[in-house]
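Hello,

Here is the structure I promised to hand over. Please open it first, then read my notes below.

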Amino acid sequence: MTETRGQTLRQLGPTVYLPSAVYSTGIGAVAPVIVLTALGLGASPAAAAVVAGLLGLGQISGSLPAGVLISRIGERRTMLAASALAVPALLACMFASNVLLLGVAVALLGVCGSAWALSRHAYLTEAVRPELRARAMSTLGGVGRIGTFSGPFLGAAAMHVSGLDGAYLVAIAGVSLATAVLIVLPPVPHDRAVPPGTERPGLWTVIRTHRHTLRTLGSGVLLVGALRASRQTILPLWGVSLGLSPATIGLIYGVSGGIDMLLFYPAGKLMDRYGRRAAAVPAMTLLGTAHILLPLAGGVTGLTVIALLMGLGNGLSAGLVMTLGADASPSSGRAEFLGAWRLCSDIGQGGGPLLIGAITAAATLSAAAVAVGGSGLLAAFLLHRWIKPPHSYG
């Protein structure tokens with residue numbers, strides 16, 4: 001088994017990957033349900049897409065503070081604080097009486113997800129050797145995809161019993177269990193705040209120093225985030241437009257997540273062996289093409305095929321953003337840099353659904369799919385242009 005600094009990826013499983021897998025399973029149960037909840041509260045399809053986009057906006061607002069918080073109190077305490085906020089946010093989603101309250105709760109979930117993801121990212125960047133980095137990061141991305149795969153199936157089963165509330169109950173159970181695992185298991189090595197008295201560069205100093213990387217490669221990463229988030233929004237919306245039931249939509253979404261789950265480790269191995277471009281360019285090309293083809297899906301079969309194609313592209317990009325961020329991160333001010341790096345991706349994740357909502361309101365959902373697909377092809381070009389070997393970033 002692949003070795004890390006004193007540990008194998010298998011040894012990292014219980015302390016690093018298991019809590020993230022459980023947390024992502026819970027959140028995965030509600031990912032395709034947020035749009036449906038908004039529609040049930042009377043929102044239009046365009047407004048429902050905006051509500052889903054608030055998950056990304058919450059991640060945007062949480063990225064920079066999470067980087068600073070990790071530097072001050074460490075990864076574990078940051079994740080515990082995020083969990084303490086996630087449970088009431090999920091309860092608010094479940095009992096929301098209007099679209100505004102639902103939107104606020106969804107944004108809080110985004111803040112919590114940002115803190116969890118950045119905490120694990122910062123730890124693995126410290127703990128894993130560069131030549132094994134993509135496999136470690138893709139495995140972390142893979143446990144998220146396991147959640148994306150299993151969460152919707154669990155949510156769909158729960159919805160058969162108690163409607164949309166069932167999916168939120170699954171999410172609450174997942175977040176609570178992840179928190180319990182995090183408390184019971186021993187802290188991981190390298191999980192530490194910067195010692196008091198140590199000179200630490202300020203957040204804005206780190207951003208200014210690395211502004212070229214954030215401006216160039218970060219633009220490509222922004223589009224990667226937009227493609228990934230739009231997939232979570234546009235598949236349920238297209239399913240609703242076809243008259244499919246919430247349970248059927250959840251199953252199609254889950255099958256797409258199954259492709260993600262199968263590809264995460266091969267994607268990391270591909271990046272470690274042949275370079276980051278070998279996975280980045282095909283992944284974005286596939287995701288973009290799938291969006292462009294979505295208007296051709298006229299039923300369950302067509303939508304399932306498109307969802308599988310999206311899953312293939314998303315699976316090939318497992319761990320890509322985290323790997324590139326780790327490659328480009330400095331040794332001093334690393335957590336702050338990674339917070340800024342995640343901000344690039346999170347802006348895309350917030351902007352993708354908002355773009356869908358805006359174009360759907362102004363034109364049609366088909367036009368939105370084609371526009372987002374075009375941004376995927378642009379992402380492939382930018383990543384090919386700006387990706388460098390590790391340690392080559394200034």
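Where is the place of L383? L383 lies in helix 15 (residues 365–386). Helices here are DSSP runs of H or I with at least four residues, and strands are runs of E with at least two, numbered from the N terminus.

Some background. This is a predicted model, where local features need pLDDT of at least 70 and side-chain atom pairs count only at pLDDT 80 or more, while totals for chains, interfaces and linings use all residues. Residues are numbered from 1 along each chain as its sequence is written, and side-chain values use heavy atoms, with hydrogens and water left out.

Back to L383. Its relative accessibility is 0%, so L383 counts as buried (under 20% relative accessible area, 1.4 Å probe, protein chains only). Leaving aside residues up to four places away in sequence, L383 touches L217, G220, V221, V224, R277, A280, M284, L320 and L324. Contact means heavy atoms within 4.5 Å. V224 is 159 residues from L383 along the chain, yet their C-alpha atoms are 9.4 Å apart.

Now the helix pair. Helix 3 (residues 45–73) packs with helix 14 (residues 334–362) at about 170°, axes 8 Å apart. Axes are lines fitted to C-alpha atoms over the stretch in contact, and angles run from 0 to 180 degrees between N-to-C directions. That makes the two helices roughly antiparallel (over 145 degrees).

Finally, the whole chain. It has 15 helices and zero strands. Buried residues make up 58% of its 394 residues. The C-alpha trace spans about 55 × 45 × 40 Å along its principal axes.

Best wishes

Key:
Angles under 35 degrees count as roughly parallel, over 145 as roughly antiparallel, 65 to 115 as roughly perpendicular and the rest as oblique. Buried means under 20% relative accessible area, exposed over 50%, partly exposed in between (1.4 Å probe, protein chains only).
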